[in-house]
Amino acid sequence: MATSWEVGADVRFFNNRLGLDVAWYHTNVKDQILELAVAKESGVERRFINAGKMQNKGIEVAINARPVDNKNFQWDVTLNGSRNTNKIVDLYPGVSEYILGNDQDVNVVAQVGSAYGVITTPYGYTPYYNASNKGNNGMPVISPNTSDVRYKFKRGNAVVGNITPDFNLGLSNNFSYKNWSFGFLVQAKIGGDIFSASHQYGTGRGTVASTIEGRDAEHGGLAWTDAQGRSRNDGMIPKGVFEDGYKVKVNGADVDLGGMTYQQAYDKGYVTPLSPYEYYSMVGDWGIGIREASVFDASYVSLREVSIGYTMPNKFAERLKLNKVRVMLVGRNLAYLYNKLPDHINPESIRNNATSAFSEYGGTPFVRNMAATIQLGF
Amino acid sequence: MKSLHKLGIGALALATFATACTKDFTETNTNPNISKDIVASMLLTTSQKAMVDRDFDWFYEHYQFLMRYMQYTVSYAEGNNSGMFSNPRVNELYQAFYSSIGRNLVEIERIVNNLPAEEQARWSQIVAIAKVHKVYTAFRVSDVNGSIPYNEALTARTEAIMLPKYDSQETLFNTFDAELKGAIAALTATGSFETYNSSSDVFYSGDVKKWGKAANALRLKIAMRLSKRNPDKMKAIVAEVMASPAGLFESAADEWKFISTTNFARGGNWNAQGSATRGGRKLIDFMYNTQDPRLPLFFKKNEFTEATFNRLKSGGAFPASAVYNPRQYVGMPESPDDRNLPQYARLFGVKSYEITEAGKKVTVNVDTLSQFQNRLFDLGSDGNGAGQYTQPIMTYAEQCFILAELAVKGIISQDAKALYEKGVTASVKAYDAMAGLARTVEYAAPADAAITAYLAQPAIAFTGTNDVLLEKIGIQQYLNSFKTPWNLGVITSCSAILKWAVFSIAASSSPEVSVWKRPVAGPCLSPTSTRPTAMPRLPT
């Protein structure tokens, strides 16, 4: 159930050549159907209840203008923008968090006091903290792993983002000159995070371009000798701190690396660099990877549409016994003028169309549409 | 025209809204795929299956933890030998009680309670039998967990209790006893009653008389836990059980067990995968030295046949002076530290021998240890042949041992020796039947003479002081619990009556059973504590 009030204004100037449409709204949504977990001992595991209170506040602005209006040339421009702020006021007594969705152990939740769609994961980094340690606190903790991948980042619970964008913007321009018309639409989303499984596992498997770094000397790889005695030039140093109490044997004696960064331990000769396989597995392996590393601000600016049209001269139309003949070329989803995600991951390739959708995992490639149309008027 | 059109759509929307809200509400919210008219007697089978189809428990709890904890088996040193306390996937029965086992059992009760009053009495035995299942399972769950939600549990659908409160063990045991007493009364009542048909009750095929006996036996077993905590109450319950018209198990034919078809317990989590399948040394030595007829039913011989020995010897693996030891039942030392002792070092792992045969170097692997009879637990093992799986729940042998204990303590006046010997005989026969059905490796039925001889062994014969007699009963309870390893952990640690035994070492040909006194208090029945503080310590 939603209760809403809205204040708006639609004002026009200069003989309708400039229009401003502003709306400010405030909506309270309550008594949503929530599926809550129940203590199994009760004999049921879940129940559906009506509960929750969510507040939406926002502003929508649209500016319409015709800056040029001559006999042969017109220019129309529309700029619209919206900003919505949202807050979960209440869920249900005793419930402060409600899981809306999950993908690869990344959750999107409704959290009391936060905006709808907080992204959390049990597989975040664990920040190092030791009261007596100066300098390295806050860096990710590294702990020993297997002989295959010698180290891993210590996984921990982390709040890693929020899906709600800061702004949505659209700019549309249409020009017409005599029989020609030309238009384009630019659309942008600023802010709002997503989890990219493509990036996560692409990193773990070394299939995304950003994992080229460190693979040879040219790409910053360090010279080192691996356990099999091979000389390599692909050594990498992870950014992190060894967990407290971690010791290695150096010349038969225990050396405590706890609280030391990998770089510091490397500089002192206590550890060898990691291979790119180890380095990127630490970030994006299915078993030990850090999902937090693949949560990004998915801001983008998209060139959504460009069109060009030509209306045939009347004489031509009359010859065909028609009122009007118009030819048009339209291209949609032509390019991202700006994409904050790494490795050209598509910010709109979200897994589903739920309100709480928050993750990307491959999916069908986004299609650039091109169309030619002929309009005939009878 | 245009405004009329709008009005039309508005009216349509309003109409849809109105009907959705009132008229079809119930219908819309009724799931057509769920039967709402199920007959109560059809709901038991699912719960029964969930009680015995517990491969997850077997793999993660019993093979990896309980059987090792009880020292029936030992983790194979060179195999998959995770630490005994490292596995977190235990206590799954707790989850199952509140879901796959318990829900249908309370649903049976709910359906009957919704019947007209005059109908309800006719269904009382259906409810009583469901109750026996519920008490048995909750009793086992409480053994491990102490206080558990019971009286308010499983009432979300009937009373909307979403956070059922925990009951202390004092409350639980009172409730269990009262419920069993009520069930026994219902099962011995006269009149005409609905029954489970033979195919919907996999344990007793709907035999109400046998359910009455099982309920009585279970009541007795639960009462034994009160021996120390509330002896007067225990005695009162024992007296009621002994006087009950329902009676107790009269033979193995009455006992509560599950026998599968040939299509059950095959592979997957039924298979221990070598994790802890080698027999414990103390147990095997004790059984070997007392010539226990169950030894070949529990364990397989190791791979050291005389032919293998001779082959290795002629290949140069052993000195010429080596003599074949025909004993092929060899257990593994329970303590991992024993691998450092020279006399046991050779027992750890599959032994690999480099020998020379016809001028060529050959490597021969021979397992020095006895494994348990895998097919008792996993019919997919040892050839995956036909066979049937048995899961005892409450056995006649166990009941005999309980009664023998009560007789020794003077609580009932019966012949303790006769009860003990009946129990031992029943246990051997029961494991013989299990092994026969499962078609274990080198299966042969023990001769009656072997049982008689066994009962005459000094360590087994029912002679000695009361303390010794009680200990001998305890040892037999232990041996009889091989297929129910959850059975004894609590009894042995909680009861001052049952002292525990350390099996004498193999070198001794006349084993002396030495008494093990528990060093610390275990999770004893305590009415006030909410949870056990620690698992009982291992016998050392």
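In chain A of this predicted model, the strands β19-β13-β22, in that order, make up an open sheet of three strands with mixed pairing. Its edge strands are β19 (295–297) and β22 (359–360) of chain A, each of which pairs on one side only. Strands, of at least two residues (E), and helices, of at least four (H or I), are DSSP runs numbered from the N terminus, and two strands are said to pair if DSSP finds at least two bridges between them. Residues are numbered from 1 along each chain as its sequence is written, while chains are lettered from A and ligands numbered from 1 in the order in which they are written. Because the model is predicted, local features need pLDDT of at least 70 and side-chain atom pairs count only at pLDDT 80 or more, whereas totals for chains, interfaces and linings use all residues.

Within this sheet, strand β13 (residues 193–196) of chain A pairs with β22(A) in the parallel sense, over two bridges. A:Ser196 has A:Glu360 of β22(A) as its bridge partner. Helix α1 (residues 197–205) of chain A lies across β13 and β22 of chain A and runs at about 40° to β13(A). Such angles run from 0 to 180 degrees between N-to-C directions, the axes being lines fitted to C-alpha atoms, for helices over the stretch in contact.

Other strands of chain A are joined in the antiparallel sense. Strand β3 (residues 46–69) of chain A runs antiparallel to strand β4 (residues 73–90) of chain A, with 15 bridges joining them. The two strands, β3(A) and β4(A), form a hairpin with three residues between them, and A:Asn56 stands opposite A:Asn86 in β4(A). β4(A) is also joined by ten bridges to strand β11 (residues 167–177) of chain A, again antiparallel. Here A:Ser82 has A:Asn168 in β11(A) as its bridge partner. In a regular strand the side chains alternate between the two faces of the sheet.

A loop of chain A, between β18 (253–256) and α2 (262–267), holds A:Gly259. A:Gly259 is buried, because 23 other C-beta atoms lie within 10 Å. A residue counts as buried if 20 or more other C-beta atoms lie within 10 Å of its own, as exposed if 12 or fewer do, and as partly exposed in between, with C-beta atoms placed from the backbone. Not counting residues up to four places away in sequence, A:Gly259 touches A:Asn130, A:Asn133, A:Asn136, A:Val241, A:Phe242 and A:Asp244. Two residues are in contact if their C-beta atoms, placed from the backbone, lie within 7 Å. A:Val241 is 18 residues from A:Gly259 in sequence and 5.6 Å from it in space, C-alpha to C-alpha.

The predictor's confidence in each residue is given by pLDDT, from 0 to 100. Chain A has a mean pLDDT of 93, and 100% of its residues reach 70 or more. Confidence in chain A is highest in β19(A), at 97, and lowest in helix α4 (residues 314–319) of chain A, at a mean of 86.

Chain B contains 20 helices and ten strands. It has 540 residues, of which 42% count as buried. Among the contacts in chain B with a separation of 6 or more, 75% are between residues 24 or more positions apart.

Helix α19 (residues 466–480) of chain B has 15 residues and spans 21 Å from its first C-alpha to its last, close to the expected 21 Å. The expected span is 1.5 Å times one less than the number of residues in the helix. Twelve of the 15 residues of α19(B) are buried, so this helix is largely enclosed by the rest of the structure. Helix α16 (residues 396–408) of chain B has 13 residues and reaches 18 Å, close to the 18 Å expected. In α16(B), 13 of the 13 residues are buried, so α16(B) is likewise largely enclosed by the rest of the structure. After α16(B) comes B:Gly410, with a positive phi near 75°.

Most residues other than glycine have a negative phi. B:Ala160, which is not a glycine, has a positive phi near 55°. This residue is in the loop between α8 (156–159) and β3 (166–167) of chain B, and B:Ala160 is exposed, with 10 other C-beta atoms within 10 Å. B:Asn384 also has a positive phi, of about 55°. B:Asn384 is in the loop between β7 (360–367) and β8 (390–394) of chain B and is exposed, with 12 other C-beta atoms within 10 Å.

Between the chains, seven residues of chain A are in contact with 16 residues of chain B.
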